[in-house]
Amino acid sequence: MVYSVTASQEYAMMYRTDTGVLVTWNWCKETFGDPQEAGWWYDDVIGHGIRTFHFNNEADAVLFALKWA
């Protein structure tokens, strides 16, 4: 099963100033590990600032939602 969480508008378009990487993506990588190995990924609706993160692990989805949704 896949668990999906959409980042709030406040964070959806926030990028790190030092690397230009999405703050939410960077947090997921630091927290859960490499996306391909850890079972998470994201989609975005280009031009609309909607970022939906998908997780194979329900606990990871809940943690993401508590932090970023």
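This is a short chat about a predicted model of a protein chain.

User: What does the pLDDT of the protein chain average?
Analyst: The average is 90, and 94% of the residues score at least 70. Keep in mind that the model is predicted.

User: Where is confidence lowest, and where is it highest?
Analyst: It is lowest in α1, with a mean of 84. The highest is in α4, at 96.

User: OK, α4 then. Which of its residues are buried?
Analyst: Helix α4 covers residues 58–68, and its buried residues are D60, A61, F64 and W68.

User: Where do they sit around the axis?
Analyst: They are on the same side of α4, because they cover an arc of only 100° around the axis. In general, an α-helix has 3.6 residues a turn, so residues three or four places apart point the same way.

User: And which exposed residues are on the face turned away?
Analyst: That face of α4 carries A59 and L66.

User: What covers the buried residues?
Analyst: The cover includes strand β1 (3–6), helix α1 (9–12), helix α2 and strand β3 (50–55).

User: What does the side chain of N57 reach at the start of α4?
Analyst: One of its side-chain oxygens comes to within 2.8 Å of the backbone nitrogen of A59.

User: Is N26 buried or exposed?
Analyst: Buried, because its relative accessibility is 15% and the cut-off for buried is under 20%.

User: Which residues does N26 touch?
Analyst: Leaving aside residues up to four places away in sequence, N26 touches R16 and V21.

Note on methods. Residues are numbered from 1 along each chain as its sequence is written. This is a predicted model: local features need pLDDT of at least 70, side-chain atom pairs count only at pLDDT 80 or more; totals for chains, interfaces and linings use all residues. Side-chain values use heavy atoms; hydrogens and water are left out. Buried means under 20% relative accessible area, exposed over 50%, partly exposed in between (1.4 Å probe, protein chains only). Contact means heavy atoms within 4.5 Å. Helices (H or I, at least four residues) and strands (E, at least two) are DSSP runs, numbered from the N terminus. The arc is that of the directions from the helix axis to the C-beta atoms. A polar contact is a pair of N or O atoms within 3.5 Å; within protein, one must be able to donate a hydrogen and the other to accept it, and residues adjacent in sequence count only if both atoms are side-chain atoms. pLDDT is the predictor's confidence in each residue, from 0 to 100.
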